[in-house]
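Let's take a walk through this one, starting where the two chains meet. Have the sequence and the 3D view open as you read.

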Protein chains: 2
Amino acid sequence: MDMERTLICETPKKVGEKVKIEGFVHVVRGHGKIAFADIYDRSSVIQVVGGEDLAKLKTQDVVEIEGTVNARPERMFNEKIKTGKIELSVEKITVLSKSEEMPFDMGGEELNLELPTLLDYRTLSLRHNKIKEIFKVQAKVAEGFRKAAEDLGCTEIFVPTVSASSTEGGAEVFEVDYYGHKAFMTQSPQLYKQMLVPVFERVFTISKAYRAEPSVTTRHLSEATQMDCELGFVNFEELLDALELVGSSTLKYVSENCQKQLTDYKVPEIKIPVKIPRLTMREAQQIIKERTGVDHTTEKDLEPEDEREICRWALEEKGSDLVTITHYPTKKRSFYTMPDPKNPEYSLSFDLLFRGLEVLSGSQRINDYHELVAAIKDRGMNPDNFEMYLQTFKYGMPPEGGFSFGLERLTMKILELNNVREASLFPRDMERVDFRFSR
Amino acid sequence: MDMERTLICETPKKVGEKVKIEGFVHVVRGHGKIAFADIYDRSSVIQVVGGEDLAKLKTQDVVEIEGTVNARPERMFNEKIKTGKIELSVEKITVLSKSEEMPFDMGGEELNLELPTLLDYRTLSLRHNKIKEIFKVQAKVAEGFRKAAEDLGCTEIFVPTVSASSTEGGAEVFEVDYYGHKAFMTQSPQLYKQMLVPVFERVFTISKAYRAEPSVTTRHLSEATQMDCELGFVNFEELLDALELVGSSTLKYVSENCQKQLTDYKVPEIKIPVKIPRLTMREAQQIIKERTGVDHTTEKDLEPEDEREICRWALEEKGSDLVTITHYPTKKRSFYTMPDPKNPEYSLSFDLLFRGLEVLSGSQRINDYHELVAAIKDRGMNPDNFEMYLQTFKYGMPPEGGFSFGLERLTMKILELNNVREASLFPRDMERVDFRFSR
């Protein structure tokens, strides 16, 4: 009968006992007939001491090692790791899978590769601890978002990504050959989540957004993951309260559950005051003008540098890494956005900015059927292409609104990465699907 | 200052108080100058008593009603609803959104519509309580799956759905125009989840599967939701234990959290014994032959009727609604499936059957690079199309395996629906994307 596997995190409890561990070789250090290797599994890493067999192992070899757990002499303690007071003396090594020579060094604390190399060897670069940590954080962002949405009373929905018409307008769409019919990948779950407000009143979903934008920036992906909420029976103030609650709860959840990763990435503590500052876009532009002398007060949107500047203001003046900007010009937002009844040139829309970048966007929606049809026509679109969506509004639609986060963007900003591609396991853009098209 | 909204489920605590509720009109019963209406919100339903204003309301009107909560006389108690001992006397009605006349009756306990009508009016049919309940259950299936996967130590991953080649082989794929390049919607997260085993060891994901199968059955969707796990450092026995644990935990979670819905659907209690019966496909065929006289013992797969028969056996003989079938012929499974070393004609594969239908499928995978390349060539496919996937196996891949559930299929079987389309909010098939193409 085979010996049972011991997870590496359990080994410190088994000093003096014989165990079997399974994992990957991280590094091997040979010293004549004595060799040391760091072996890791999903739970932890351990120092293994052995002879020539151990010295022969290479980085990324997959091994099963039987041996005895021994206490290290006190002067050899390594306080950085959970297993730093013990080591494993090898008795038997079985190589489960042999690795080829790695194309780059996995041994350092950082993986200093250019982005194209990082992505060309994606299945390898992801194995480096520092890169892996990005996606440990991402998993917690999603989990934190779901908990916050559930606390708001939202029901989880699974909506389609193939649509019969390119309905949202604006950004470019990907066309699909759907059994010989022309169909499109949805730009967001927007229209479907709205259609479900009269069903569940409050809904959330984590789904895909496909944007065929013909540009390469550090902030955009062609296939992104979106975390969406949509709430019925809310007015604009309640909606702002809700988005700020979901945003701050999600970030707090990450702070609490990702301390190691946030420390490794040397990012400052996330600062969220009780009251997140709220400004209209025009107020934000006025503050920027007063602080920098740059007059953008007649611009129709915030430029990326404006977003960074107003976030500096929020942090310096309000002690907040978050700031909510409202009332963007109606023409700059999607057709379903409700114009402000007091001044229809501006809309009941908002963005949540986090450390200089928009990570969330949303609005109160037009819930009146006739106004919605007029808004569609006003944008030069055909209401016939919105038949299923409009069905919803014909048969009773409460006042409602919602918002969505970009999962990769939020992950990028939490860890202060330079490029959103670093926060996507397998990023898609106009030049790359796994590999670059131009290879 | 506006009165604050009271959720309907809170009204029984407020007898004698004035409240404001917001919700949808379910039915209105007029009795001369006295009218009764059932109003519901996301929390509950309440009987409202009023006069002519109330009598004018129509099904699906969205209203805000101020009034006083009164105790009902004991003979008027309705034990079926949470608010059955009270009613609301109207003082003020505000119509927030007026509904057109509904195309069908929403008042009954059942919504007896043919499937095409149910789907043509999807945004309305979903509002019926009995239909809505399907998706309340579906949300709990997903939640239960995630909890089970997390308990197994899996990390949540978000993998792409656009791929450069149609890699999995077998079923038909949808082609996408990707910035002028030919790309494809992934048939499953299979290849990507495997690529992440050396990163996280154990992973899970809920994502989309696109299958351009040119057939219309009651069990297939062109866009389906899949719940996947993939585990490193497991052998076949451990993998079977893991899938049965995830399957039974998910179903138990649904049983515990969806009692009302399961009662409304009149489905029998889900029976899961401590040990789920396991049979090889050949053993199952032998049992079927002995029970029915129908000899399918040389067939290469289980027919739908075989799946139903072996499930009848499992329930009658083992008291189980679940049965695990293993060792399907290697040629009938995908290229990455590991052949049984003892008899390579059969594979280390499995399906989990639930009440007569396969709801989960999976296998031990080939983790040796050279064997995998040979398996790809053996199926007449080109290893060059698998470059990123194969990168994983060149650099150390532990023994591993995994499985995936169809979310809609599982929901369908839990509620014993007749067609998987009923368990998809907006089902896609070769004839329909929201509406039928042939309209």
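Which residue of E8(B) stands opposite A:Val176?

## Ground rules

This is a predicted model, where local features need pLDDT of at least 70, side-chain atom pairs count only at pLDDT 80 or more, and totals for chains, interfaces and linings use all residues. Residues are numbered from 1 along each chain as its sequence is written, while chains are lettered from A and ligands numbered from 1 in the order in which they are written.

## The shared sheet

It's B:Val176 that stands opposite A:Val176. Strand E8 (residues 175–178) of chain A and strand E8 (residues 175–178) of chain B run antiparallel and are joined by three bridges. Strands here are DSSP runs of E with at least two residues, helices are runs of H or I with at least four, and both are numbered from the N terminus. Two strands pair if DSSP finds at least two bridges between them.

Zoom out and you get an open sheet of six strands with antiparallel pairing, in the order E7(A)-E9(A)-E8(A)-E8(B)-E9(B)-E7(B). Strand E7 (162–163) of chain A and strand E7 (162–163) of chain B sit at the edges with a single partner strand each, so one side of each has no neighbour in the sheet. Over in chain B, four bridges link E8(B) to strand E9 (residues 181–185), again running antiparallel; B:Asp177 has B:Lys182 as its bridge partner in E9(B).

The same surface serves both, with 97% of the contact residues of chain A recurring in chain B.

## The interface

The contact takes 78 residues from chain A and 76 residues from chain B, where contact means that C-beta atoms, placed from the backbone, lie within 7 Å. Helix H4 (residues 129–151) of chain A gives the most to chain A's side, with six residues.

## Domains

Chain A is divided into domain 1 (8–97) and domain 2 (122–436), with bounds from an automatic or database domain assignment. Their C-alpha centres lie 45 Å apart.

Technical notes
Two residues are in contact if their C-beta atoms, placed from the backbone, lie within 7 Å.
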